[in-house]
Amino acid sequence: MPITRKSIYAPQPSTQRARPTHLSTDPQGERLAYASGKSVFLRSIDDPSLSTQYTGHTSTVNVARFSPSGYYVASGDSSGMVRVWDAVGPEMITKGEFGIISGPINDIAWDGESKRLIAVGNGKERFGHCITFDTGNSVGEILGHSSTINSVSIRQSRPYRAATASDDKSVVFFHGAPFKYNKTLTGHHSNFLQGVAFSPDGEHFVSVGTDRKIILYDGKTGEFKTEIAYGDAAHRGGIYSVSWSKDSTRFVTASADQTVKVWDLRSEKNSHTWRSGPEGTSIADHQVGVVWTPRADNTIISLSLSGDLNYLDLNSDRPRRVITGHQTSITAMKITGETKTLFTGGVDGKTCGWDLAKGSADSLDGGHTNSVCGFSSQDERRLASIGQDDFIRLIDVGAKVFIGTNHHCDAQPKGFTWLTLKGEQFLVTVTEKGILLGKVTTKLKVNDVLEQSYTPTHISGCQDKGIFAVSATDQTVHIYSIYEEAPGEQGIKEEKVLRDARAAPTCLSYSPSGKYFAVGFSSGKIILYNVEEDYAVKTTRWSFHTARVASITWNAEETHVVSGSLDTNIYIYSVAAPGKNQSIKNAHMGGVTAVDWEGSDGIISGGADGTIKRWEVKLE
């Protein structure tokens, strides 16, 4: 194959404040399953850069659970659909698709034989149902609740039992199989229940909720046994998740008080506590999910509201490792520096610096508060970012930190580019009000402002030639250059207007030397211009995308461009043979939002699904 996928860097799990996010591991404790957007990811625990992506859902996925056998995963989405699929083979073949309720699925539980599953959530006619995993035949009814069910658990050994936890402040106990209503356990919780879990040996189950209580029950009869958490050791915030150790002697809870606590079953006391984030209140560090892996090292993985996965060790008071990344769509991408560090920006304003050799990310603190619009390299050491929060930020590439002073634009920025004039570097920024030419040290000093009569949309420049292009909503592209009016005084002048478009320009890209200029359009078409021949049209045959072109990047040799589009596809076009192309179909669920070259034989892409994918390319 000319193009092969090397790796997928998965996004972080989707989270919601004051709601649990359920995590699941396979029986060997090698992979973690979780939902992110409309996808489900199976991610290696030892090497988080290794993951696989299931894209069978058409609605937002809320939960994914491994079967006890490890061969299948059941996942449920916001439309009430449950899909069961192969977790072993690379094809991830869907085994079955079943409509459970007429609303979102909140949790799923498998029985010990991996033959039946219970899915629960918020439906109109019912709040859950029990089915066989392969045919979807009914094997029990989930009754007894009057409000949304947030969690479900099944006893893994016979006689089978099941328990559900709901917003109606009660736990309902079931006998099975087939599963039938047995009793409602009320009076123990005073607020919404968020989690319930049977111990692996089936002797006990525990329920937790936003009332900060932890209640222990008998696993066979469902009788109340004791309240575990009280006094100084208790959580100070709502509890959103609970998980048992493999030997059934301890369990772990995750809370909005930013702590994860281990509880000893025999002593009924707290034996270990981890705290995430700074002292005080840090909403991003609320712990909304936790799973005790069946590994020999007893690794516990908790989930912060920010999406960070915290690897917890019983021999330490601090996380052994924190896995961070994006939770939302990636909007900007740039590979820069001698170390080939990848910087990515998301629709939520988060900026990450990636070590491509390790596949790990560092989150840059104090970044943008709204969507990151783009990056532009000043040199090997510094990178600039711009966001819809109207700020321009400078980044130290080596240290992966923001530096200097924020520059606030006086209007919504549309993009920016670095240009060089007589050995000095300048930053050109396009906003809704005008074009700003400025010099940057630790802050931006504006040298010239050019007002325009059109509404700009995008910008691209050739740094060494001192030229740049700005696209407009009237389907035109304006070519500019910078010049020196007098010593120390620089200005902007318009050179040319391109009027070849039949659709709105959505992406602009100069080749590294400025020899070529490519324009992508909302129709999916790309026009290539020869700059050295006064912007003569070289080809209009790059027209294989079927939706808006989101990103175009040139390789260093200026022989090929790679483009990404909202049609989910990536194309590589050749300058010498414009009629030929290489393609990656369905590269990103929801659309490709950013592409870049990784050397001469690789490309890297980001998408609306939050993933980063690396591809090996053999150019044709």
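Arg295 and Asp46 form a salt bridge in which the closest N and O atoms are 2.7 Å apart, a salt bridge being a side-chain nitrogen of Lys or Arg within 4 Å of a carboxyl oxygen of Asp or Glu. This is a predicted model, in which local features need pLDDT of at least 70 and side-chain atom pairs count only at pLDDT 80 or more, while totals for chains, interfaces and linings use all residues. Residues are numbered from 1 along each chain as its sequence is written, and side-chain values use heavy atoms, with hydrogens and water left out. The domain assignment, which is automatic or taken from a database, divides the chain into domain 1 (3–323), domain 2 (411–499) and domain 3 (511–619).

**Salt bridges**

- Arg295 counts as buried at 17% relative accessibility, whereas Asp46 counts as exposed at 53%; buried means under 20% relative accessible area, exposed over 50%, and partly exposed in between (1.4 Å probe, protein chains only).
- The count of salt bridges by this rule comes to 17.
- Glu97 forms a salt bridge with Arg83, where the closest N and O atoms are 3.0 Å apart, and this pair links Glu97 in strand β9 (residues 94–99) to Arg83 in strand β8 (residues 81–86), 14 residues apart.
- Within that pair Glu97 is partly exposed at 42% relative accessibility, while Arg83 is buried at 11%.
- Asp111 forms a salt bridge with Arg116, with the closest N and O atoms 2.5 Å apart, and both Asp111 and Arg116 are buried.
- Through salt bridges that share partners, Asp111, Glu113, Arg116 and Arg158 are joined into one network.

**The contact between domain 1 and domain 3**

- The C-alpha centres of domain 1 and domain 3 lie 42 Å apart, and the contact (heavy atoms within 4.5 Å) takes 14 residues from domain 1 and 14 residues from domain 3.
- About 1,300 Å² is buried between domain 1 and domain 3, with carbon and sulfur atoms giving 59% of that area; buried area is the accessible area (1.4 Å probe) that two parts lose on being put together, summed over both.
- On the side of domain 1, Ile3, Lys6 and Tyr9 lose the most area to domain 3, and together they account for 49% of what that side buries.
- Across this interface of domain 1 and domain 3 the rule finds zero salt bridges, but it finds seven residue pairs in polar contact, both residues being at pLDDT 80 or more.
- A polar contact is a pair of N or O atoms within 3.5 Å; within protein, one must be able to donate a hydrogen and the other to accept it, and residues adjacent in sequence count only if both atoms are side-chain atoms.
- On the side of domain 1 that touches domain 3, β1 (3–9) and β4 (39–44) each supply at least two residues, and the largest share, seven residues, comes from β1.
- The residues of that side of domain 1 divide into five nonpolar, six polar and three charged, where Ala, Val, Leu, Ile, Met, Phe, Trp, Tyr, Cys and Pro count as nonpolar, Asp, Glu, Lys and Arg as charged, and the others, Gly among them, as polar.

- Ile3 lies in strand β1 and is buried, with a relative accessible area of 11%.
- The C-alpha atoms of Ile3 and Ile584 are separated by 7.5 Å, although the two residues are 581 residues apart along the chain.
- Not counting residues up to four places away in sequence, Ile3 touches Ile572, Gln582, Ser583, Ile584, Trp615, Glu616 and Val617.

**Gln258 in a loop**

- Gln258 is found in the loop between β23 (250–255) and β24 (259–264), and Gln258 is buried, with a relative accessible area of 3%.
- Polar atoms of the Gln258 side chain lie 2.8 Å from the backbone oxygen of Ser276 and 2.8 Å from the backbone nitrogen of Ser282.
- Leaving aside neighbours within four places in sequence, the residues in contact with Gln258 include Trp274, Arg275, Asp285 and His286.

Conventions: Helix = DSSP H or I, 4+ residues; strand = E, 2+ residues; numbered from the N terminus.
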